Amino acid sequence: MNGPLDGVRVVEISLFQQGPVAGMRLGDLGADVIKIEAPQGDPARGFMRIIGAMAGLKGRNYYFEHCNRNKRGIVLDLKSQKGMEVFLKLIDTADVFLNNMSIEAPIRMGIGPEVLLKRNPRLIYAQASGWGRKGPDANALSFDYTGIARSGLMMSCGEKGAPPTQMLPGIGDEVGGLACAWAVTAALYAREKTGKGQVVDTSLMGGIIISLGFIMAAPAILGQEFPREVRAQAGNPMYNHYCCQDGKWLVIAHLQPDRYWPPLCKALGLEALEKDPRFATFEGRSAHAKELVAIFDQKFAEKPRDQWLAILDQGGCIATPIQTPTEVSNDPQALANNYFIKVQHPELGETKMTGFPWDFSETPASCRRVAPEFGQHTAEILTELGYSAAEISALEEEGAIKTKKKPAK
């Protein structure tokens with residue numbers, strides 16, 4: 001079965017992660033995504049060498065593989081007249097133009113919104129920017145780190161009084177890419193009703209702020225910040241995380257604490273606490289939170305995590321493990337819902353990848369292509385545009401295109 005965006009053509013010029021992830025998600029949904037690279041290639045092809053991530057991947061780069069599946073790759077020199085001619089012919093066939101350049105960069109290149117929408121009025125011109133198209137910093141450069149820093153994420157994690165939380169990289173770009181893909185699908189739907197294309201801008205800043213919507217609603221609506229807690233003094237000890245005998249952690253999550261207080265006491269073998277005046281009410285448990293957390297800490301340290309999870313489940317309590325990324329990638333629940341998928345890679349063999357955040361009963365998402373090699377589909381795409389083999393060879397000799405698989409040094 002084809003995906004919901006089958007028949008939609010996306011022309012993408014993007015680097016690193018936010019823009020490529022947006023294109024990847026559109027490709028997951030069935031779109032024909034054509035990734036344009038400059039002759040020097042997307043820097044993401046070699047980016048993760050800094051953490052040794054090339055090991056065991058036969059020269060492939062897991063960062064690039066993740067961000068660029070379900071795409072065809074073409075190499076164009078947009079600084080050359082002939083390269084620009086090819087690009088504009090692609091735009092004539094496109095439903096979406098996607099980029100994550102700075103706001104001004106496409107305009108300087110002569111491919112800004114006014115130019116491309118005049119040429120193709122049905123085009124969705126999508127820009128996954130850093131800070132949005134308006135405001136004093138619209139043209140400032142950005143990366144994932146700047147996005148998560150300025151947008152509040154680093155101060156929405158960790159305990160009260162702690163310094164900004166060190167975040168593993170990429171979450172801002174991933175959220176920004178999802179927001180962009182979501183906006184593109186909405187714009188395509190609007191085009192079906194109006195017949196008109198439009199400019200769609202999403203950003204790192206906007207994506208992260210909206211993902212923190214509940215947290216950000218507090219200063220916005222109330223004028224005060226949602227407080228960062230200290231685990232050992234959690235206001236609701238029944239909504240907290242605890243370390244078990246084997247050093248593994250779990251979460252108990254009871255937002256109806258009075259309802260779950262008796263079964264939790266029974267499951268933990270702490271029946272004597274149920275009627276204890278310090279803890280019998282939510283107000284009492286909150287006032288004596290430090291004492292209760294300490295009691296729970298001692299109790300959870302008596303058994304390994306899996307044993308506690310089974311006991312809590314049998315007791316009708318709400319609990320779940322705090323998992324490492326490796327544990328998540330092997331979680332049977334995540335695998336059952338295609339949050340991770342297995343892909344047959346032509347060089348790497350069977351490979352597990354992150355999957356899809358949505359499920360469609362009739363038009364499922366899928367991984368149809370692994371990330372393209374450098375210039376892998378240049379000749380194929382130009383042939384579709386009507387270029388002959390001789391014309392393609394001439395364009396390559398002039399340096400307007402590349403069909404080779406390895407980027408220039």
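Start with L268, in the loop between α11 and α12. The model is predicted, so keep the confidence colouring to hand as you go.

**Stop 1: L268.** Is L268 buried or exposed? Its relative accessible area is 2%. The cut-off for buried is under 20%, so L268 counts as buried. Now show what surrounds this side chain. Beyond its neighbours within four places in sequence, L268 is in contact with F296, K299, F300, W308 and L312. Pick K299 from that list. K299 is 31 residues from L268 along the chain, yet their C-alpha atoms are separated by 7.2 Å.

**Stop 2: helix α13.** Select residues 289–300, which make up α13. This helix has twelve residues. From first C-alpha to last it reaches 16 Å, close to the 16 Å expected at 1.5 Å a residue. Colour A289, L292, V293, F296, K299 and F300: these residues of α13 are buried. Look down the axis. The buried residues of α13 fall within an arc of 125°, so they line one face of the helix. An α-helix has 3.6 residues a turn, so residues three or four places apart point the same way. Turn to the face away from the buried side. There α13 carries the exposed residues K290 and Q298.

What do the buried residues of α13 pack against? Their partners are the strands β7 and β8, plus the helices α11 (257–267), α12 (282–287) and α14 (305–314).

Stop 3: Show β7, β8 and β9. These three strands form an open sheet in that order, with antiparallel pairing. Its edges are β7 (239–243) and β9 (319–321), each pairing on one side only. From one strand to the next the twist averages 25°. Helix α13 packs on this sheet, touching β7 and β8, and its direction makes about 40° with that of β7.

**Stop 4: pairing, strand by strand.** Begin with β7 and β8, which pair in the antiparallel sense over five bridges. The two form a hairpin with five residues between them. In the turn, select G247, which has a positive phi of about 85°. Then find H241, which stands opposite V251 in β8.

V251 stands opposite T320 in β9, and I252 stands opposite A319 in β9.

Which side chains of β8 point to the buried face? L250 and I252 do, and both are buried.

**Stop 5: the largest nonpolar core.** Move to a core of 30 residues, the largest nonpolar one. Within it F87, F97 and L116 touch the most other members. Elements giving two or more residues include the strands β1 (9–13), β2 (32–37) and β3 (71–76), and the helices α4 (81–93) and α6 (113–119). Two further helices, α17 (378–384) and α18 (389–398), are also among them. Helix α4 gives the most, with six residues.

Centre on L116. Leaving aside its neighbours within four places in sequence, L116 is in contact with F87, L88, I91, F97, I111, L123 and Y125.

**Stop 6: a second core.** Finish with V10, C180, V343 and A365. They are among the 26 residues of a second, separate core.

Key: Residues numbered from 1 in each chain as written. Predicted model: local features only at pLDDT ≥ 70, side-chain atom pairs only at ≥ 80, totals over all residues. Heavy atoms only, no water. Core = buried A, V, L, I, M, F, W, Y, C linked by side-chain atoms within 4.5 Å. Buried < 20%, exposed > 50% of the residue type's maximum accessible area, 1.4 Å probe, protein only. Helix = DSSP H or I, 4+ residues; strand = E, 2+ residues; numbered from the N terminus. Contact = heavy atoms within 4.5 Å. Pairing = 2+ DSSP bridges. Axes fitted to C-alpha atoms, helices over the stretch in contact; angles between N-to-C directions. Expected span 1.5 Å × (residues − 1). Arc of directions from axis to C-beta.
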